[in-house]
Amino acid sequence: MQKFFSVINRLFSLTSAAEMPAEGEPRKFPAIGLVFGPYNLFIDNSRRFFTVGGIYALIMTAVFTLLGQNLMCTFENNSLSELCSRDLTFYILSRLFGLWLISAFCVRIYGLCFKSIAFSWRYILRPCWTDAKVLLALIIFLMLNMLSLVSAWLLYIRIPNPDWRIELGYFTIVSVGFLIPLLLLRFYSLMAFVFTGSKLPSLLGIWKNSAGNGLRLLSSFMLLFCVLIFSLNSVVNNFRLVASENTIYITFVAEYIFNLVVLLNIMFFVNFCRLQKEFLFGKD
């Protein structure tokens with residue numbers, strides 16, 4: 001494992017000894033602070049969230065509506081089907097643009113909340129290279145987390161082999177994908193460095209210093225996931241009831257609220273990454 005991380009560090013020049021605590025000194029994360037900290041940080045910065053999140057949710061709503069990819073378009077009983085588009089190109093463009101806006105939102109909300117950057121329209125709306133770095137990092141983390149789904153699919157479609165050795169080997173190799181998201185939990189502090197465009201610390205150092213916090217990290221992340229599913233499902237089900245009688249006004253409002261809830265959960269994730277970084281490296 002140590003050789004593996006050392007190779008990665010040399011390839012991507014990730015080491016930053018000035019910011020990394022001594023390796024082999026595990027940091028014990030406070031359980032309550034890690035599990036409920038993301039929501040406490042939101043309460044402390046709620047005004048900043050509704051300012052920045054409100055702006056980005058409005059942009060997302062306008063773009064998705066113009067491209068015909070509004071939330072109401074997902075319902076079969078939608079009464080404004082003429083505003084919806086089934087064009088695959090528009091669908092892909094809307095999702096890529098939405099992911100880029102989420103990346104930009106992560107950079108702006110982190111800067112305002114944790115870097116004491118003053119609010120300005122230029123800072124909020126002007127694109128920067130850090131947005132692209134965050135976008136790439138989010139894609140990498142999403143793909144790594146999806147390996148568990150790939151493993152589940154490979155196990156589902158497999159044809160049982162009469163040779164138990166081949167069957168056991170296949171099951172062992174494919175099941176590695178289920179472990180990747182669990183191991184990844186110890187590296188979300190890297191995202192906090194990406195949000196600021198800072199040089200990344202040693203992967204091996206993070207691995208060693210975050211040892212012994214697996215259950216705390218899993219509990220915190222599972223709560224984030226449950227809040228995400230519950231909040232988005234509640235919004236979708238509530239607006240499903242008025243899909244057959246909706247107007248342009250309701251369509252726009254539904255999309256805006258949905259996007260604002262998405263960004264709210266994104267802020268919880270940003271806070272989760274920030275807390276990991278703070279527990280490992282201290283405050284900035």
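Analyst: Happy to! The largest nonpolar core has 68 residues. A nonpolar core here is a set of buried Ala, Val, Leu, Ile, Met, Phe, Trp, Tyr and Cys residues joined through side-chain atoms within 4.5 Å. Buried means under 20% relative accessible area, exposed over 50%, and partly exposed in between (1.4 Å probe, protein chains only). The residues with the most contacts inside this core are Tyr56, Phe105, Tyr188, Met191, Phe195, Leu263 and Val270. At least two core residues come from each of α2 (31-44), α3 (46-66), α4, α6, α9 (189-195), α10 (203-209), α11 (214-240) and α12. Helix α12 gives the most, with 16 residues.

Please keep in mind that this is a predicted model: local features need pLDDT of at least 70, side-chain atom pairs count only at pLDDT 80 or more, and totals for chains, interfaces and linings use all residues. Residues are numbered from 1 along each chain as its sequence is written, and side-chain values use heavy atoms, with hydrogens and water left out.

Let's zoom in on phenylalanine 105. Leaving aside neighbours within four places in sequence, phenylalanine 105 is in contact (heavy atoms within 4.5 Å) with Phe49, Val52, Gly53, Tyr56, Leu263, Ile266 and Met267.

Two salt bridges are present in the structure; the term requires a side-chain nitrogen of Lys or Arg within 4 Å of a carboxyl oxygen of Asp or Glu. One of them joins arginine 108 and aspartate 131, whose closest N and O atoms are 2.7 Å apart. Arginine 108 lies in helix α4 (residues 88-114) and aspartate 131 in helix α6 (residues 129-145), so this pair ties together parts that are 23 residues apart in sequence. Both arginine 108 and aspartate 131 are buried. Helix α6 also holds threonine 130, which is buried at a relative accessible area of 16%. Not counting residues up to four places away in sequence, threonine 130 touches Val107, Val194, Phe195, Thr196 and Gly197.

The other pair is glutamate 278 with arginine 274, at 3.7 Å from N to O. These two are four residues apart in helix α12 (residues 248-281), so about one helical turn separates them. Glutamate 278 counts as partly exposed because its relative accessibility is 23%, while arginine 274, at 7%, counts as buried.

Now for the chain as a whole. The protein chain has twelve helices and zero strands; helices (H or I, at least four residues) and strands (E, at least two) are DSSP runs, numbered from the N terminus. Buried residues make up 44% of the 284 residues. Among contacts with a separation of 6 or more, 81% link residues 24 or more positions apart.

Finally, the outside. The accessible surface comes to about 15800 Å², and 70% of that belongs to carbon and sulfur atoms; areas come from the Shrake-Rupley method with a 1.4 Å probe, and for residues only the protein chains shown count as cover. Leu179, Leu182, Leu183, Leu215, Leu218, Met222, Phe225 and Ile229 form a nonpolar surface patch with about 730 Å² of accessible area together. Such a patch takes residues with over 30% relative accessible area and no salt bridge, joining nonpolar side chains (Val, Leu, Ile, Met, Phe, Trp, Tyr) within 5 Å, whereas like charges are joined within 9 Å. Helices α8 (164-184) and α11 each supply at least two of the patch residues, and α11 gives the most, with five. Isoleucine 229 lies in α11 and is partly exposed, with a relative accessible area of 45%.
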